[in-house]
Amino acid sequence: MKTSLALLVLAAFAASVVPAAAAEVVGNPKAAPAKIEMCIGCHGIPGYKAGFPEVFPVPMIGGQSAKYIESALKAYRKGERKNPSMMGIAKSLSDQDIADVAAYYAQQTPATAKR
């Protein structure tokens with residue numbers, strides 16, 4: 001009896017000190033229009049090529065999956081993806097901003113992606 005009571009108390013204590021899992025951030029496409037102004041200048045122009053630090057084609061991101069956009073932005077933010085412009089932009093975004101932007105672009109199709 002003493003052993004099971006001790007185990008119960010220990011289990012209750014352990015449950016109280018284990019931090020709760022972080023809540024998953026859910027993107028809100030309606031919150032994104034104020035956050036995508038930096039994106040439109042490059043990713044909203046069909047056939048656009050950026051010239052810093054070298055010339056490369058800029059992909060259209062409308063219609064991409066939200067998971068892919070979130071993953072890419074977080075990789076730029078961590079420095080795992082290397083592009084000075086994107087790294088600077090991504091570092092200015094919170095997890096909620098990234099989720100909102102990703103949700104906004106994911107709801108588009110390549111044919112309707114204007115910005």
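# A tour of pockets and salt bridges

Select helix α3 first: with 5 residues, α3 gives the most to the lining of the largest pocket. This is a predicted model, in which local features need pLDDT of at least 70 and side-chain atom pairs count only at pLDDT 80 or more, while totals for chains, interfaces and linings use all residues. Residues are numbered from 1 along each chain as its sequence is written, and side-chain values use heavy atoms, with hydrogens and water left out.

Some terms for the stops ahead. Helices are DSSP runs (H or I, at least four residues), numbered from the N terminus. A pocket is found on a 1 Å grid over the protein atoms alone: it is an open set of points where a 1.4 Å probe fits, with protein on both sides within 12 Å along at least five of seven lines. Lining residues have an atom within 4 Å of a point.

**Stop 1: the largest pocket**

Stay at α3 and show H43, V58, P59, Y76 and M86. Of the 25 lining residues, these lie nearest the centre of the largest pocket. Now colour by element. α2, α3 and α4 (84–91) each give two or more residues to this lining. The space in the pocket is about 510 Å³. That volume is the space filled by probe spheres set on the points, with grid points joined across faces, edges and corners.

Next, colour by class. The lining has 18 nonpolar, 5 polar and 2 charged residues. Here Ala, Val, Leu, Ile, Met, Phe, Trp, Tyr, Cys and Pro count as nonpolar; Asp, Glu, Lys and Arg count as charged; the others, Gly among them, are polar.

**Stop 2: the second largest pocket**

Select E24, V25, V26, G27, K67, E70, S71, K74, D95 and A103. These residues line the second largest pocket. Its volume is about 210 Å³. α3 and α5 each give two or more residues to the lining, and the largest share, 4 residues, comes from α3.

**Stop 3: D95 and R77**

A salt bridge is a side-chain nitrogen of Lys or Arg within 4 Å of a carboxyl oxygen of Asp or Glu. D95 lies in helix α5 and R77 in helix α3 (residues 66–78), so the pair ties together parts 18 residues apart in sequence. D95 is partly exposed at 36% relative accessible area, and R77 is partly exposed at 25%. The cut-offs are: buried under 20%, exposed over 50%, partly exposed in between (1.4 Å probe, protein chains only).

**Stop 4: K35 and its partners**

The side chains of K35 and D97 form a salt bridge at 3.0 Å, N to O. Is K35 buried or partly exposed? K35 is partly exposed, at 21% relative accessibility, whereas D97 is buried at 17%.

D100 is buried, at 2% relative accessibility.

Show K35, D97 and D100 together. Salt bridges with shared partners join these residues into one network. The salt-bridge count comes to 3.
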